[in-house]
Amino acid sequence: YLGSRPTPVITLDPAAAASVAPGGIVIGSPDAPVEVIEFADFECPGCGYFATLHAPDIKARLVASGQMRFRFMDFPLDIHRNAVAAHNAAHCANAQDKFWVMHDLLFASQERWNSQAARDPKKVRKIMIELAESLDLDGKAFTACYDSGEMLPQIAANRREAERLRIQSTPTFKIGNKVYPGSLTYDQMRLYIETETARLDSAAATTAAR
């Protein structure tokens, strides 16, 4: 509860990320031959399109089978006023081991909390708490985390990594040494995974021969 004081829009302080290593949230086997990194913004419509339409199939068929692991990296864009709040909520859910269910819910409910639907940061905060409670998170712990800003340096560090790689838009996927902007279908992802796996196998064979 913040009383009658105006609630500011949650923003990132680049300086706060200086001592924090980029990390992201990973799903899938650590032994998977290929890691796919998605640089995403929770308020980005294209990210929502990928998350709701293509990601479930990719996770069920490529991640679950051990062909790839998937890393979500925060890249909230300045043009999206409520993006950082959503990323903050996702990381606070992660503190209770529920990142991916909050991830899915945030994308599924974009029209409820995005900048057009919720202009008042107090309303955004209220919606984020309601989403957390709908997932049976500890509401008190979630709210304390959300209000403290303790997750913001990690989010800033993840965004800094996107900027270091000169990522220009969301979603963007990094697979091996290649970067693919825009949403990817299951078939596209499978092709890129097979190509990268073959490249790694070839490099390993060359090294062994030497």
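The legends below describe close-up views of a predicted model.

**View 1. The five-stranded sheet.**
The strands of this open sheet follow the order β1-β3-β2-β4-β5, and their pairing is mixed. β1 (25-27) and β5 stand at the edges with a single partner strand each, so one side of each has no neighbour in the sheet. From one strand to the next the twist averages 20 degrees. Two helices are included in this view. α3 lies across β1 and β3 and runs at about 65 degrees to β3. Helix α8 (residues 186-209) lies across β2, β3, β4 and β5, at about 135 degrees to β2.

**View 2. Strand β4 between β2 and β5.**
Strand β2 (residues 34-40) and strand β4 (residues 172-175) run antiparallel and are joined by four bridges. Val-36 has Ile-175 of β4 as its bridge partner. On the other pairing, β4 meets strand β5 (residues 178-181) in the antiparallel sense, again over four bridges. Here Lys-174 has Val-179 of β5 as its bridge partner, and Thr-172 stands opposite Pro-181 in β5. In a regular strand, side chains alternate between the two faces of the sheet.

β4 and β5 form a hairpin with two residues between them. Gly-176, in the turn, has a positive phi of about 65 degrees. Pro-171 is found in the loop between α7 and β4. The peptide bond from Thr-170 to Pro-171 is cis, and its omega is near -10 degrees.

**View 3. The kinked helix α1.**
Helix α1 (residues 45-63) has 19 residues, but its end C-alpha atoms are only 23 Å apart. A straight helix would reach 27 Å at 1.5 Å a residue. Where does the kink of about 50 degrees lie in α1? The kink is at His-54, shortly before the proline Pro-56. His-54 is also one of the buried residues of α1, which include Phe-50, Ile-58, Lys-59 and Leu-62.

**View 4. Helix α7 and the buried Asn-158.**
α7 has 13 residues and reaches 18 Å from its first C-alpha to its last, close to the 18 Å expected at 1.5 Å a residue. Its buried residues include Leu-152, Ile-155, Arg-159 and Glu-161. Among the elements that cover the buried residues of α7 are β2, β3 (68-74) and α2 (83-94). Asn-158 lies in helix α7 (residues 152-164). Because its relative accessible area is 0%, Asn-158 counts as buried. Leaving aside neighbours within four places in sequence, Asn-158 is in contact with Pro-22, Gly-23, Gly-24, Met-73, Asp-74 and His-91.

**View 5. Two exposed loop residues with positive phi.**
Asp-97 is placed in the loop between α2 and α3 (99-108). Phi of Asp-97 is near 60 degrees, a positive value in a residue other than glycine. With a relative accessible area of 73%, Asp-97 is exposed.

**View 6. Met-102 in helix α3.**
Met-102 lies in helix α3. Is Met-102 buried or exposed? Met-102 is buried, with a relative accessible area of 0%. Leaving aside neighbours within four places in sequence, the residues in contact with Met-102 include Ala-89, Ala-93, Met-128, Leu-131, Leu-135 and Phe-142. The C-alpha atoms of Met-102 and Leu-137 are separated by 9.9 Å, although these residues are 35 residues apart along the chain.

**View 7. Met-189 and the nonpolar cores.**
In soluble globular proteins, nonpolar side chains tend to be buried together. The largest nonpolar core here has 56 residues, of which Met-128, Phe-142 and Met-189 touch the most other members. Not counting residues up to four places away in sequence, Met-189 touches Val-36, Phe-50, Ile-58, Leu-62, Met-68, Phe-173, Ile-175 and Leu-184.

Definitions and conventions:
Residues numbered from 1 in each chain as written. Predicted model: local features only at pLDDT ≥ 70, side-chain atom pairs only at ≥ 80, totals over all residues. Heavy atoms only, no water. Pairing = 2+ DSSP bridges. Expected span 1.5 Å × (residues − 1). Bend = angle between axes of the 7 residues up to and from the residue. Buried < 20%, exposed > 50% of the residue type's maximum accessible area, 1.4 Å probe, protein only. Contact = heavy atoms within 4.5 Å. Core = buried A, V, L, I, M, F, W, Y, C linked by side-chain atoms within 4.5 Å. Axes fitted to C-alpha atoms, helices over the stretch in contact; angles between N-to-C directions.
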